[in-house]
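Please look over the sequence and the structure shown here before reading on. The paragraphs that follow lead through the structure step by step.

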Amino acid sequence: MAALAAFTLGAQAADDNTVTFEDVTLGADTIMAMTDGANAFENNGFEFNYNYYPDWSYWSGFCVTGKHDTSFKDYHDQYNSCLGHGYDGSNNYAVVYPQGEKIAVKDGKTTISGFYVAANAYLQNAILVGDGMTTGAFSTGDWYRVDVIGYDDDTPTDTVSYYLADYRSETEANHYYVKDWTWLDLSKLGEVSAISFRLSSSRNNSYGMTTPGYFLMDNFNGSYDGTSKSLSAIDNTATAIATISRRETTKDAPVYNLAGQRVGRDYKGVVIRNGKKYVQK
């Protein structure tokens, strides 16, 4: 498990609603301290939810990191960036590993402008080398997608979607993944009380997505600088969203550990079943 560091949240300018994560105080190349169980941290009018179970070295949701290492050796490098820094060379950024957790507006509703997105080292390695459960690097036809869901209280209101990696074109020059900090616009969602994220990929086995379900976030609710790369939203239809959200699941599906090895029901720790991670006690 990466070293943990205490953090404090300072006040940003009252007229600036951008969450840069820079006021989270971290030691050199560390991540924020997380509290056992289901919790959240607040920053500039937003609540970022996460789950953390140290006995199993398991977390999900949102975690602030100051890691500058770009290498990937194993699962423990999930906090590393493919860039080695936050947006515009900043120290801090957030790693997002969404399992249904939300970013909630602390007071009422607001229109969230968007944020800058990039790949962590784990996701980049899966795209360029392979994920260990399906064969090889991304090739023509592959893709990795995020659906951003807006809420009015607990009711979903709208969805905006983007390809974070898109290799569908027959022309190799058109293939990309978010290896640079890239703007993702959320203004189409309108006023929301919260948002959540749903990830999907062309890389799946019989039990779900095999692409590591991560991305990086910075300058949440900020503004596009006009020069960085930006993503074009997918023209969603009800059919497309329904296709993404449906997945055959069964309680009898095989269970795998984080190394991709099949394990028994008596295995203790973090396991993958039906393409999702669970803490098996």
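**From the whole protein to its parts**

The protein exposes about 12,700 Å², of which carbon and sulfur atoms supply 45%; accessible areas come from the Shrake-Rupley method with a 1.4 Å probe, and for residues only the protein chains shown count as cover. This is a predicted model, in which local features need pLDDT of at least 70 and side-chain atom pairs count only at pLDDT 80 or more, while totals for chains, interfaces and linings use all residues. Residues are numbered from 1 along each chain as its sequence is written, and side-chain values use heavy atoms, with hydrogens and water left out.

The protein has two helices and 23 strands, where helices (H or I, at least four residues) and strands (E, at least two) are DSSP runs numbered from the N terminus. Of the 281 residues in the protein, 51% are buried, and buried here means under 20% relative accessible area, with exposed meaning over 50% and partly exposed in between (1.4 Å probe, protein chains only). Among the contacts in the protein with a separation of 6 or more, 70% are between residues 24 or more positions apart, a contact being heavy atoms within 4.5 Å.

Strand β4 (residues 46–53) runs antiparallel to strand β5 (residues 58–65), and four bridges join them; two strands are said to pair if DSSP finds at least two bridges between them. Y53 stands opposite Y58 in β5, and in the hairpin of β4 and β5, which has four residues between the strands, S57 takes a positive phi near 50°. Strand β5 is mostly covered, since eight of its eight residues are buried.

T65 has Y93 of β6 as its bridge partner, and G61 has Y97 of β6 as its own. Strand β6 is also mostly covered, with five of its five residues buried. In a regular strand the side chains alternate between the two faces of the sheet. In β6, Y93, V95 and Y97 point one way and A94 and V96 the other way, and all are buried.

Strand β6 pairs in turn with β18 in the antiparallel sense, over three bridges, and the bridge partner of V96 in β18 is F215. Strand β18 (residues 215–218) is covered on both faces: F215 and M217 on one side, and L216 and D218 on the other, are all buried. Strand β9 (residues 114–118) also pairs with β18 in the antiparallel sense over three bridges, and here the bridge partner of V117 is M217.

Leaving aside its neighbours within four places in sequence, T182 is in contact with F115, Y116, V117, K229, S230 and L231. T182 is found in strand β13 (residues 182–185) and is buried, with a relative accessible area of 4%. A polar atom of the side chain of T182 lies 2.8 Å from the backbone oxygen of D180; a polar contact is a pair of N or O atoms within 3.5 Å, where within protein one must be able to donate a hydrogen and the other to accept it, and residues adjacent in sequence count only if both atoms are side-chain atoms.

T182 and D180 are also among the residues that line the second largest pocket, together with others including Y167, E172, H175, K229 and L231. The elements that give two or more residues to this lining are β12 (176–177) and β19 (229–230). On a 1 Å grid over the protein atoms alone, a pocket is an open set of points where a 1.4 Å probe fits, with protein on both sides within 12 Å along at least five of seven lines, and lining residues have an atom within 4 Å of a point.

Helix α1 (residues 121–128) is mostly covered, with six of its eight residues buried, and what covers its buried residues includes β10 (143–152), β11 (155–166) and β12. After α1 comes G130, whose phi is positive, near 145°.
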